[in-house]
Amino acid sequence: MEKLTVSSSPHIRASENTRSVMLDVLIALAFPLAIAVYYFGPRVLSLAACSVICCVVFEGLYRKLLKKPNSLGDMSAPVTGILLCFVLPVSAPYWLVALGAFFAIVVVKQLYGGLGKNFLNPALAARAFLAGFSSFLVYIKPLADPYLPVFGNYTADAVAQATPLSYLKDVEKLSIEQLPVTEYDWFKNLFLGQMPGSIGEVSSVLLLMGGLYLVVRRVITPRIPAAFIGTVALLTFLFPRGGIEGFEYMRYNLLSGGLILGAVFMATDYATSPITPRGQWVYGVGCGLLTVFFRYFSAMPEGVCYAILLMNTLVWTLDKIGAPRRFGRRWP
């Protein structure tokens with residue numbers, strides 16, 4: 001009689017694995033990466049390559065030195081590298097990118113046991129860490145003539161420009177008419193990406209295209225992005241500032257900064273987001289509430305990074321609250 005080997009449940013066979021999921025994420029990230037190269041020049045590719053190589057090297061060395069199984073095949077390190085590059089401006093020096101990669105891979109990810117055991121998003125945690133080097137993070141006008149050199153120094157005064165959210169920080173003295181371009185061009189440029197910002201923030205439409213690809217591929221569900229973006233939309237529509245009409249102020253906040261990048265690619269990270277549907281809705285709403293809170297009341301013009309990181313620390317609670325009730329048991 002042939003013997004059968006029975007493993008623990010669940011008994012599910014599927015073609016998807018960690019590697020295939022990460023490859024889908026890389027494909028989705030290729031859309032905004034391509035437009036960033038067009039807007040900021042070839043330095044984007046060199047920064048992305050530096051970030052990916054550093055993440056791969058640091059993960060490989062760490063696993064080898066501690067005699068742990070090689071995990072490079074899951075492709076999570078390149079994804080972290082691209083996302084880290086996306087949250088930095090094109091002016092970031094290479095040594096700063098390498099420092100961020102070390103913090104993301106070694107401190108945030110590997111010291112807690114590797115992929116799936118980290119409780120913070122590695123790329124966002126590294127970006128928060130690099131905030132201490134803000135003097136090196138200069139935001140550049142897109143389509144600058146000439147582009148920033150791949151290597152060497154540049155004159156920041158000639159190409160630097162405030163980000164869209166920076167214009168709204170002192171919003172009590174602003175109105176839409178006082179913004180740098182006309183109202184129509186302002187929102188069109190935000191949607192298409194012709195505004196200064198981090199590498200991965202430049203085009204809302206291509207970020208949404210990447211998110212749609214991930215939803216179609218069933219890599220992510222739309223719960224977290226919908227709750228995140230919807231909460232920001234509702235609050236900024238109901239409570240506009242500076243005398244700006246609610247709908248226009250809402251559009252401005254939705255298309256500016258890292259909201260769409262964070263909602264689609266960062267907040268949906270498997271390891272640092274809830275697994276239950278109820279928990280995912282609450283998580284997305286919490287990210288949206290904190291983002292608006294930071295944008296309105298903090299000294300920073302942006303709040304997506306810190307909102308997601310704070311909600312990362314509550315994921316275990318949200319999973320506990322969102323767990324379905326077992327048959328025959330009452331809710332505690």
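**Figure 1. Overview of the predicted model, a protein with 15 helices and zero strands.** Of the 332 residues in the protein, 50% are buried. Among the contacts that join residues at least 6 apart in sequence, 74% link residues at least 24 apart.

**Figure 2. The largest nonpolar core, which has 88 residues.** Val-90, Ile-199, Phe-228, Phe-265, Tyr-283 and Ile-308 are the members that touch the most other members of this core. Helix α1, spanning residues 18–40, supplies the largest share, which amounts to ten residues. Both domain 1 (18–136) and domain 2 (162–195 + 220–321) contribute at least three residues each to this core. In soluble globular proteins, nonpolar side chains tend to be buried together. When residues up to four places away in sequence are not counted, Val-90 touches Phe-40, Arg-43, Val-44, Leu-47, Ile-140, Leu-148 and Ile-199.

**Figure 3. The crossing of helix α2 (residues 43–65) with helix α4 (residues 94–109).** Two packed helices are described by the angle between their axes and the distance between the axes. For α2 and α4, the axes come within 9 Å and cross at roughly 35°, and the crossing is right-handed. On the α2 side, the residues that meet α4 are Arg-43, Ser-46, Leu-47, Cys-50, Ser-51, Cys-54, Cys-55, Phe-58, Glu-59 and Tyr-62. Their partners in α4 are Tyr-94, Val-97, Ala-98, Ala-101, Phe-102, Ile-105, Val-106 and Lys-109. An α-helix has 3.6 residues a turn, so residues three or four places apart point the same way.

**Figure 4. Ser-298 in the loop between α13 (277–297) and α14 (304–312).** Ser-298 counts as buried because its relative accessible area is 18%, which falls under the 20% cut-off. The C-alpha atoms of Phe-293 and Gly-303 are separated by 7.8 Å, although the two residues are ten residues apart along the chain.

**Figure 5. Helix α14 and the helices that surround its buried residues.** This helix is mostly covered, with seven of its nine residues buried. The buried residues are Val-304, Cys-305, Ala-307, Ile-308, Leu-309, Met-311 and Asn-312. They pack against α5 (122–130), α10 (223–238), α12 (259–266), α13 and α15 (315–322). Ile-308, one of these buried residues, is also among the members of the largest nonpolar core that touch the most other members.

**Figure 6. Thr-231 in helix α10 and Trp-281 in helix α13.** Thr-231 counts as buried because its relative accessibility is 11%, and its side chain reaches the backbone oxygen of Ala-227 at 2.6 Å. Not counting residues up to four places away in sequence, Thr-231 touches Gly-284, Val-285, Gly-288 and Leu-289. Trp-281, in turn, counts as partly exposed at 42% relative accessibility. Leaving aside neighbours within four places in sequence, Trp-281 is in contact with Arg-223, Ala-226 and Ala-227. The C-alpha atoms of Trp-281 and Phe-228 are separated by 8.4 Å, although these residues are 53 residues apart along the chain.

Figure 7. Most residues other than glycine have a negative phi, and most peptide bonds are trans.

How values were computed: Residues numbered from 1 in each chain as written. Predicted model: local features only at pLDDT ≥ 70, side-chain atom pairs only at ≥ 80, totals over all residues. Heavy atoms only, no water. Core = buried A, V, L, I, M, F, W, Y, C linked by side-chain atoms within 4.5 Å. Buried < 20%, exposed > 50% of the residue type's maximum accessible area, 1.4 Å probe, protein only. Helix = DSSP H or I, 4+ residues; strand = E, 2+ residues; numbered from the N terminus. Domains from an automatic or database assignment. Contact = heavy atoms within 4.5 Å. Polar contact = N/O pair within 3.5 Å; in protein donor to acceptor, adjacent residues only side chain to side chain. Axes fitted to C-alpha atoms, helices over the stretch in contact; angles between N-to-C directions. Left-handed = near helix turned anticlockwise from the far one by under 90°.
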